[in-house]
Amino acid sequence: MQYSRQERIIATMLGKFPVLKKYIKLYYQKVSYFFYKKKYKFKSEYCIKPIIIKEKESFFGYYDKSPLGVTNKYLIFQVPEENTKNTPNSNKPINIVLHDVKKGTYDYIDKSYSYNWQQGSRLMWLNDVEFIYNSYNNNDDVYISKIYNIDTQAFRIIDSPIYDCYQDKFALSLNFDRLNVLRPDYGYRNKQDTSVDWSSNDDGIYFVDLERNISRLVISFQDVINIHYRSDMDQAKHKFNHIMISPNGKRFIFLHRWFIGKRKFDSLIVANIDGSDIKCVSDDGMVSHCFWRGDDHIFGFLRDSSYGDKYYMINANTGEKNIVGKGLIDCFGDGHPHINGDLVIFDTYPNKARMKELYLYNFSLNSLHKLGEFYEGFEYQGETRCDLHPRLSLDGKTAYFDSVHSGKRQLYSLNLKANIQ
């Protein structure tokens, strides 16, 4: 909200020159901060508590999953051994931690060397007693995933990394080597051979059967290029990212991004789990963070050539878009939305005072509540940034988010008031 129309126009123009934009943006942010900085590092009227072990840093990862299990008994998160102001170091792991909420105990379950600061190791719950995360098999130089069972204290190895899972039945995955080259914020750095065959069509999105431990390619890059081909795609480098499976496990969404030099283009794709019925539902140059609302609608921040950059609700069947929260939430810009019923929690990027804000919006009532604002210092930039990535617990009573307002990366819980609508 603090950025004027003229500032946004200039930012859009600079988008054609990504490297130049990076340096101008940082300089402008530092000048702005001098005039707008606050006297506090965070402000909230809600009860906020850090999830912390012996003053170490902690974080959960991305906004699409909740660290709290379905029984509210256990919470999972990650404790790094590297200072998170530095880029991830493949020689320094993160610790996978299980917290018994009732007993107040913390158990170090395992270490993973395959992670980044934005999504961690893709740690997520599969059912009441099992969770999964990505790891690395050093002997075979391949990425894998591990399933841990709390009751049996046993591990099960899956011979593929995962990106999103549907319960304990199956997962979808992608090429983390491509991510590491085109967007290292979401890639891993373990491989000895980091080369990518950009011309290969034997690459894309993979279906991983968690019960049988087998995987197969279900959507190739050429499959997606064919449904919305543009001539500038011929010389571009392509990647898929941000896979999200629908609540009923029948479909999934993902972003198709292609790069011409340093310039990036986005589109939002929907497909059946088996890779059939591929549709492009948004293709106006920019698609950012999305979330399923039910099995037929997608909520996300994206660009529409007629109405601009806003939050939209998209019909996954027809591609029809409707602006959400007009005049109320469309002014905040891009954020990370997590939906639970009628509620969506979302964050903002740092404003001129370097404060990130946290909001709760009710779809049915069109009401908005500010939950807090949190400072992010300039030492957290690019890959080391710490977006709040808010997530709601399944019962809707607690929000979890990552923040660096204390000077360290920490996972926090926020108790929501019962009367919030």
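These are my notebook entries on a predicted model of one protein.

**Ground rules**

I number residues from 1 along each chain as its sequence is written, and for side-chain values I use heavy atoms, leaving out hydrogens and water.

**Entry 1: the whole chain**

Along the principal axes, the C-alpha atoms fill a box of roughly 60 × 55 × 40 Å.

I then turned to burial and found that buried residues make up 56% of the 421 residues, with buried meaning under 20% relative accessible area, exposed over 50%, and partly exposed in between (1.4 Å probe, protein chains only). The protein exposes about 18,700 Å², of which carbon and sulfur atoms supply 48%; accessible areas come from the Shrake-Rupley method with a 1.4 Å probe, and for residues only the protein chains shown count as cover.

For contacts, meaning heavy atoms within 4.5 Å, I considered those between residues at least 6 apart in sequence, and 52% of them join residues at least 24 apart. I also noted 57 positive and 51 negative side chains, with the centres of the two sets 8 Å apart. Here Lys and Arg count as positive and Asp and Glu as negative, while His and the chain ends are not counted; each charge is placed at NZ of Lys, CZ of Arg, CG of Asp or CD of Glu.

**Entry 2**

Strand 23 (residues 343-347) pairs with strand 24 in the antiparallel sense over five bridges, and D347 has L358 as its bridge partner in strand 24. Strand 24 is also joined to strand 25 (residues 367-375) by eight bridges, again running antiparallel, with N362 partnered by S367. Four residues separate strand 24 and strand 25 in their hairpin, and in the turn N366 has a positive phi of about 55 degrees.

I asked how strand 27 (residues 398-403) is placed, and six of its six residues are buried, so it is largely enclosed by the rest of the structure. T398, Y400 and D402 point one way, whereas A399, F401 and S403 point the other way.

Strand 26 (residues 391-392) runs antiparallel to strand 27 and is joined to it by two bridges, and R391 stands opposite Y400. Their hairpin has five residues between the strands, with G396 taking a positive phi near 75 degrees. Six bridges join strand 27 to strand 28 (residues 410-415), also antiparallel, and the bridge partner of T398 in strand 28 is N415. In this hairpin, which has six residues between the strands, G407 takes a positive phi near 100 degrees.

Not counting residues up to four places away in sequence, Q119 touches G61, Y62, Y163, Y186 and H242.

G319, in the loop between strand 20 (308-315) and strand 21 (321-323), is buried with a relative accessible area of 17%. With the exclusion of residues up to four places away in sequence, G319 touches V281 and I314, and G319 and S282, 37 residues apart in sequence, are 7.3 Å apart in space, C-alpha to C-alpha.

D193, in the loop between helix 3 (176-182) and strand 12 (204-209), is partly exposed, with a relative accessible area of 47%. D193 and K326 are 133 residues apart in sequence, and I noted a C-alpha to C-alpha distance of 48 Å between them.

How values were computed
This is a predicted model: local features need pLDDT of at least 70, side-chain atom pairs count only at pLDDT 80 or more; totals for chains, interfaces and linings use all residues. Two strands pair if DSSP finds at least two bridges between them.
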